Amino acid sequence: MPSKDAGAMDRHWEKTRNLTFLVLAVWALFAIILPSMASTLNATTFLGFPLGYYMSVQGSLIVFVALIWFQNWRQDKIDDEFGVGGE
């Protein structure tokens, strides 16, 4: 990205920052908020397991892997849009 295009750098940073806040919000939901509600979630079952237990041992891990994939995919799109992506 040419240094003279400060507007493009600002837009790139704004999109990257917004993506980071979105990923952190989803992470906080599945890492902090849902486990704190585990006793309430255990009243519901999913695949025969209490939902709080299932979210702790399986659901959160699946969401975290999907979240990593989503962030990398979206950041690559943002980088390509502004011409700062790798090969």
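Student: How many cavities of 30 Å³ or more does the structure hold?
Tutor: The structure holds one. A cavity here is a set of points on a 1 Å grid over the protein atoms alone where a 1.4 Å probe fits but cannot get out. This is a predicted model, where local features need pLDDT of at least 70, side-chain atom pairs count only at pLDDT 80 or more, and totals for chains, interfaces and linings use all residues. Residues are numbered from 1 along each chain as its sequence is written, and side-chain values use heavy atoms, with hydrogens and water left out.

Student: What volume does the largest cavity have?
Tutor: About 30 Å³. That volume is the space filled by probe spheres set on the grid points, which are joined across faces, edges and corners.

Student: And which residues line the largest cavity?
Tutor: Phe30, Leu34, Pro35, Ala38, Leu41, Gly52, Met55, Ser56 and Ser60. Lining residues have an atom within 4 Å of a point.

Student: Which elements give two or more residues to that lining?
Tutor: α1 (6-36), α2 (38-41) and α3. The largest share, four residues, comes from α3. Helices are DSSP runs of H or I with at least four residues, strands are E runs of at least two, and both are numbered from the N terminus.

Student: How do the lining residues divide into nonpolar, polar and charged?
Tutor: Six are nonpolar, three polar and none charged. Ala, Val, Leu, Ile, Met, Phe, Trp, Tyr, Cys and Pro count as nonpolar, Asp, Glu, Lys and Arg as charged, and the others, Gly among them, as polar.

Student: OK, Ser60 then. Why does serine 60 count as buried?
Tutor: Because its relative accessibility is 7%. Buried means under 20% relative accessible area, exposed over 50%, and partly exposed in between, with a 1.4 Å probe and protein chains only. Serine 60 lies in α3, residues 51-81.

Student: Which residues is serine 60 in contact with, leaving aside neighbours within four places in sequence?
Tutor: Phe30 and Met55. Contact means heavy atoms within 4.5 Å.

Student: Where does α3 bend?
Tutor: At glycine 59, by about 40°. That's the angle between axes fitted to the seven residues ending there and the seven starting there.

Student: What do the buried residues of α3 pack against?
Tutor: They pack against α1, α2, β1 (45-46) and β2 (49-50). Among those buried residues are Gly52, Tyr54, Gly59 and Leu67.

Student: Switching topic: where is asparagine 18 found?
Tutor: In helix α1. Asparagine 18 is partly exposed, with a relative accessible area of 41%.

Definitions and conventions. 1 Å grid on protein atoms, 1.4 Å probe; cavity = no way out; pocket = protein on both sides within 12 Å on 5 of 7 lines; lining within 4 Å.
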